[in-house]
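Let us take them in turn and ask what backs each one.

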Amino acid sequence: MNILFTSLWTVLLLGRMVRSQQLQRRDILNYLLNSSAYDARIAPDYEKDVATEVDVQLFVTSIDSINAISMTWRDSRLNFSHISNISVLELDQRRIDDVWVPDTYFQNEKSASVHTVTVPNKLFHIYNDGFVIYSIRLSLTLSCIMDLRFFPMDDQTCSIFMESYGYSIENVALKWNPDDPVIFGLDDNDEQTLPQFYFYKPLETKGCSTVNSFNTEFSCLEAKLFFQRNLGFYMSQVFIPSMMIVILSWISFWIHVDAVPARVSLGVICVLTMTTQSSGIRSSLPVVSYIKAIDIWMAVGLLFVFAALLEYAYINVQTRKHRKQTKDNEKDKKSMQIMEPQTKTDFMDRARRVDRLSRVVFPICYAVFNLVFWVVYLSK
């Protein structure tokens with residue numbers, strides 16, 4: 001009885017369509033999505049034993065956020081060109097569940113959210129030849145294995161992986177949009193903008209396939225992003241300030257050897273500042289088992305600052321020896337006149353010579369380190 005009623009309703013609807021040149025879109029949707037003729041639980045070409053080809057296009061607004069994903073395919077069951085001259089049907093998001101859509105997912109996704117303000121942000125268009133466009137807005141945080149040995153002068157290669165979760169490659173074949181597979185958000189100057197990186201070569205897209213533990217092959221897509229870190233922030237916030245701190249520690253070489261509070265305070269402040277800056281940088285980076293370029297820079301800077309402090313410790317020892325020698329000379333003044341003259345070390349002169357030598361050696365060594373550091377890491 002239900003089958004007879006459904007068939008009778010379909011015949012009446014078709015008769016109405018034939019009599020009318022301007023059909024209502026509601027009637028077309030009811031005809032297309034009739035449960036007796038359309039099953040949203042199976043792929044369009046499932047009964048034909050042919051894989052449904054799904055074109056995929058991504059719109060990326062930032063390095064960790066995919067703003068929209070669009071997929072297109074052809075479903076012959078949704079062809080309505082023979083019953084209406086309407087070119088496209090725009091479905092409400094509440095009716096999308098009545099139509100088959102690909103079950104794509106991101107393999108390297110860490111977290112994701114679908115935009116639902118004010119309603120779920122989904123677009124679904126059906127063209128009169130059965131061509132379907134499905135688009136959805138979402139934000140993704142994707143995982144990427146990075147090599148930070150050259151940080152922050154590093155370049156990275158990260159991939160976006162998409163795959164059909166439930167349909168094997170025999171039923172759903174994913175492929176990139178041939179015109180614009182991945183579109184990046186543009187600013188007013190039509191330049192690709194990223195918070196910390198810039199692309200140093202065009203992205204690469206390719207198709208792939210994976211095999212799960214059940215020995216079933218699935219269709220997948222991969223997009224490789226090649227980007228390099230912007231060095232401007234680290235130059236202004238890390239490299240230049242640390243260089244200024246190292247240079248500041250050399251001022252103690254020009255301060256008089258008797259100015260103990262000034263030289264000690266300057267050395268201690270420089271050491272503490274370098275230690276604090278190094279700790280702040282490490283706290284914003286993941287813990288890795290190898291040494292990064294920024295670690296070498298900060299360690300050598302701290303070494304120079306600490307060496308300047310040790311230099312004054314040596315100067316202070318020589319100064320105390322000079323004072324002790326002076327006191328001993330005063331006590332033995334009479335005996336010194338009787339005894340033969342003895343050669344004694346001029347500790348004050350030694351201290352001054354060390355200061356004068358440090359004024360030249362420290363800058364030269366730091367300049368050599370800078371030359372080697374930047375040549376090695378910028379020409380990698």
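**Labels put to the test**

Q: Why is Lys175 called partly exposed?
A: Its relative accessibility is 35%. Buried means under 20% relative accessible area, exposed over 50%, and partly exposed in between (1.4 Å probe, protein chains only). Lys175 at 35% therefore counts as partly exposed. This is a predicted model, where local features need pLDDT of at least 70, side-chain atom pairs count only at pLDDT 80 or more, and totals for chains, interfaces and linings use all residues. Residues are numbered from 1 along each chain as its sequence is written, and side-chain values use heavy atoms, with hydrogens and water left out.

Q: What makes Asp55 and Lys175 a salt bridge?
A: The closest N and O atoms are 3.8 Å apart. The rule asks for a side-chain nitrogen of Lys or Arg within 4 Å of a carboxyl oxygen of Asp or Glu, so the pair qualifies. Asp55 lies in strand β1 (residues 52–62) and Lys175 in strand β9 (residues 172–176), so the bridge ties together parts that are 120 residues apart in sequence. Strands (E, at least two residues) and helices (H or I, at least four) are DSSP runs, numbered from the N terminus. Glu53 joins Asp55 and Lys175 in a network of salt bridges.

Q: Is Asp55 buried or exposed?
A: Buried: its relative accessible area is 17%.

Q: How many salt bridges does the structure hold, and what backs Asp147–Arg149 as one of them?
A: The structure holds 14. For Asp147 and Arg149, the closest N and O atoms are 3.1 Å apart. Asp147 has 37% relative accessibility and counts as partly exposed. Arg149 has 42% and is also partly exposed.

Q: How do you know that Lys292 is buried?
A: Its relative accessibility is 7%. Asp295 is partly exposed, at 23%.

Q: What makes Arg149 sit over the ring of Tyr290?
A: Arg149 lies 4.3 Å from the ring centre, over the face of Tyr290. The rule requires NZ of Lys or CZ of Arg within 6 Å of the ring centre and within 35 degrees of the ring normal. Lys201 has its charged end over the ring of Phe226, at 4.3 Å from the centre.

Q: Why is the pair Phe239–Trp297 called edge-to-face?
A: Rings of Phe, Tyr and Trp (its six-membered ring) pair if their centres lie within 6.5 Å; planes under 30 degrees apart count as stacked, over 60 as edge-to-face and the rest as tilted. By this rule the count is 27 aromatic pairs. Phe239 and Trp297 have 5.1 Å centre to centre and 75° between the planes, hence edge-to-face. Phe239 lies in helix α3 (residues 232–249) and Trp297 in helix α5 (residues 293–331), so the pair ties together parts that are 58 residues apart in sequence. Both residues, Phe239 and Trp297, are buried.

Q: What makes Phe304 and Phe362 edge-to-face?
A: Their centres are 6.3 Å apart and their planes at 75°, so the label holds. Phe304 lies in helix α5 and Phe362 in helix α7, so this pair ties together parts that are 58 residues apart in sequence. Phe304 is buried, and so is Phe362. Ring pairs link these two into a cluster whose members include Phe239, Trp297, Phe369 and Trp374.

Q: What puts Val372 in a nonpolar surface patch?
A: Patches take residues with over 30% relative accessible area and no salt bridge; nonpolar side chains (Val, Leu, Ile, Met, Phe, Trp, Tyr) are joined within 5 Å, like charges within 9 Å. Val372 has 47% and is partly exposed. It is found in helix α7 (residues 347–378). The patch also includes Leu357, Ile364 and Val376, and has about 790 Å² of accessible area together, by the Shrake-Rupley method with a 1.4 Å probe and only the protein chains shown as cover for residues.

Q: Which residues does UniProt annotate as "transmembrane region"?
A: The unreviewed entry covers 231–253, 260–276, 296–315 and 360–379. UniProt positions follow the numbering used here, feature names are shortened, and annotations may be inferred rather than shown by experiment. In the model, residues 296–315 are 100% helix, with end C-alpha atoms 28 Å apart. Residues 360–379 are 95% helix, with end C-alpha atoms 29 Å apart.
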